[in-house]
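Student: Could we go through this structure together, one question at a time?
Tutor: Gladly, here it is.
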Amino acid sequence: MKWRVILEPDPETGDYAVWCPELPGCTSAGETQQEALENIREAIELYLQPDPIELPPDAIALEVSV
């Protein structure tokens with residue numbers, strides 16, 4: 001799956017910030033462009049991992065397509 005990311009240089013530190021507009025709060029950084037891109041890949045993977053949820057015994061978990 002492909003995601004758009006925005007890579008921005010920090011003029012003060014020379015590092016790079018990177019974020020994914022479609023995934024609110026999914027951000028990362030790196031000392032180089034390559035490191036920042038590697039880090040955002042990992043951040044996106046972690047962001048997309050489902051959180052375990054505890055449901056009451058009578059609850060039903062389902063999936064829907066949008």
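Tutor: Let's start with cysteine 20: its sulfur lies 5.6 Å from the closest cysteine sulfur, in cysteine 26, which is too far for a bond. This is a predicted model, where local features need pLDDT of at least 70, side-chain atom pairs count only at pLDDT 80 or more, and totals for chains, interfaces and linings use all residues. Residues are numbered from 1 along each chain as its sequence is written, and side-chain values use heavy atoms, leaving out hydrogens and water.

Student: How many disulfides does the count come to?
Tutor: A disulfide is a covalent bond between the sulfur atoms of two cysteines. Here it is counted as a pair of cysteine sulfur atoms within 2.5 Å. The sulfur of cysteine 26 is 5.6 Å from the closest cysteine sulfur, in cysteine 20, so the two are too far apart for a bond. By this rule, the count is zero.

Student: Is cysteine 20 buried or exposed?
Tutor: Buried means under 20% relative accessible area, exposed over 50%, and partly exposed in between (1.4 Å probe, protein chains only). Cysteine 20 has a relative accessible area of 2%, so cysteine 20 is buried.

Student: Which residue in strand 3 stands opposite valine 18?
Tutor: Strands are DSSP runs of E, at least two residues long, numbered from the N terminus, and two strands pair if DSSP finds at least two bridges between them. Strand 2 (residues 16-19) pairs with strand 3 in the antiparallel sense over four bridges. Opposite valine 18 stands serine 28.
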